[in-house]
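Please read this briefing beside the sequence and the coordinates. The overall picture comes before the local details.

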Amino acid sequence: MDAASAARMHARGAMSWPFDRKPLIVFWETTKACDLVCKHCRANAIKNPLPGELSTREGERLIDEVASFGKPSPILVFTGGDPLKRGDIWHLLEYAVSQGVRAAVAPSVTPLLTREAVERMARIGVSGVSISLDSPFEEVHDSIRGIPGTWRRTLEALKWFKDAGINVQVNTVVMRSTVDGLADMVKLLLDLDVRVWEVFYLVPVGRAGFEEDLTPQEWEDVTHFLYEASKYGLRVRTTEGPMFRRVTIARTLAEKLGRPDLFTRGLGGLYERLTARLRELLGEPRGPALAHTTGTRDGRGIVFVNYKGDVYPSGFFPVPAGNIRVKSLREIYTESPLFKKLRRSEGLEGRCGRCEFRHICGGSRAKAFAYHGRVMAEDPQCPYEPGSYRRILEEGGLDPRLLDEALEWR
């Protein structure tokens, strides 16, 4: 199965997933150790492991808990730091697969990621990997990652994974340093035969600084651009950018109505530049948008377990809900007040609380917390004024209730 097919299955599964009972994806920060020094590192990764890491046996118990959610199991993503820095990582991957858990890996591109390591993942039965590639421009990516040559090694690793038959997605962080290369990134991914692109909206946590963040208007421009990018055979998903769902629903509705530009008024120069560059590189769109608009968000389908067992709604959301050394992962996910509140979008403040997209979007809770220090605060990256799309429909002589119908397409 290729990566695009796997992504389609992931999307279909997310539509009917029982989010109140079990997560869809469990991220396990297996270690803080990593040999890269990325400027935007969420984990504040360091060269050597910190005291208190979950032991091999505790890791096995975490895997058992993931398996206990039942079939189909949540996807367990072994991340870090760099999971390849753990001496027992191969045993843990083998154990997860033996327990029927869908195991994925998010390795760092360092000398530890060799062709032999990739082939070993394939033999074990790893279901997929994610590789970070933040820019199509070598000097930009290497500057961000802090190690010369990382960009070239990343492209080489992507080929290894493809040759080994492992599903692979590329993760790209959008920030001030990378935003101008997004159109060229689409071209590079297609040239590399990558068909799943996970776009991370920068959250100022860890080593990521506020100065790298975009303005709300720029985020809106980027979000509309990503919808355009998804028309070139590239399945686009976002992390901490749930506003992508709003834009995708609105743009899909506009196209169904034969008015594709209905909701693009007011977009800025960044959207125009990126879209023009995309057309210059790739010509006109090749098909329908492959935009992922359903399912997960922080605390709803997503759970993050850090290196010492603390449980969070996501890796970018530094508000713990418990620890697996004290309570089971199931109990924390299903019963903690924080997770319940997030799943139900209860108490959203400001525009997020009034927005007609609050249940499918809900705003980035991690970004809201980073800026305002409150879990349910208004998402600072989203400029949308609730009700605007309905007003646009009315002004265009269309029934505003069409938006309510569109919300059911999700």
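How many helices and strands are there in the protein? There are 16 helices and 11 strands, where helices (H or I, at least four residues) and strands (E, at least two) are DSSP runs numbered from the N terminus. This is a predicted model, in which local features need pLDDT of at least 70 and side-chain atom pairs count only at pLDDT 80 or more, while totals for chains, interfaces and linings use all residues. Residues are numbered from 1 along each chain as its sequence is written, and side-chain values use heavy atoms, with hydrogens and water left out.

**Confidence**

- The average pLDDT of the protein is 92, and 94% of the residues score at least 70; pLDDT is the predictor's confidence in each residue, from 0 to 100.
- Over residues 1-13 pLDDT stays under 50, and the model has 22 contacts for this stretch beyond four places in sequence, a contact meaning heavy atoms within 4.5 Å.
- Where pLDDT is low, the predicted coordinates should not be read in detail.

**Overall form**

- Taken along the principal axes, the C-alpha atoms fill a box of roughly 65 × 45 × 40 Å.
- Of the 410 residues, 59% are buried, where buried means under 20% relative accessible area, exposed over 50%, and partly exposed in between (1.4 Å probe, protein chains only).
- Among contacts with a separation of 6 or more, 74% come from residues 24 or more positions apart.
- The protein exposes about 16,100 Å², of which carbon and sulfur atoms supply 51%, the areas coming from the Shrake-Rupley method with a 1.4 Å probe, with only the protein chains shown counting as cover for residues.

**Helix H15**

- In helix H15 (residues 388-395), the residues Ser-388, Tyr-389, Ile-392 and Leu-393 are buried.
- Seen down the axis of H15, these buried residues fall within an arc of 140°, so they line one face of the helix; the arc is that of the directions from the helix axis to the C-beta atoms.
- The cover over the buried residues of H15 includes helix H8 (216-229), helix H9 (243-256) and helix H16 (401-407).
- After H15 comes Gly-397, whose phi is positive, near 75°.

**A buried loop residue**

- Thr-178 lies in the loop between strand E5 (167-174) and helix H7 (182-191), and it counts as buried at 2% relative accessibility.
- Leaving aside residues up to four places away in sequence, Thr-178 touches Asp-134, Ile-144 and Val-173.

**Backbone details**

- Most residues other than glycine have a negative phi, and most peptide bonds are trans.
- Lys-71 and Pro-72 are joined by a cis peptide bond with omega about -10°, and Pro-72 is found in the loop between helix H2 (56-68) and strand E2 (75-79).
- Gly-80 and Gly-81 are also joined by a cis peptide bond, with omega about 25°, and Gly-81 is found in the loop between E2 and helix H3 (89-98).
- Asp-193, although not a glycine, has a positive phi of about 65°; Asp-193 is found in the loop between H7 and strand E6 (196-201) and is partly exposed, with a relative accessible area of 38%.
- Ser-345, a residue other than glycine, has a positive phi near 55°; Ser-345 is placed in the loop between helix H12 (337-344) and helix H13 (350-354) and counts as buried at 10% relative accessibility.
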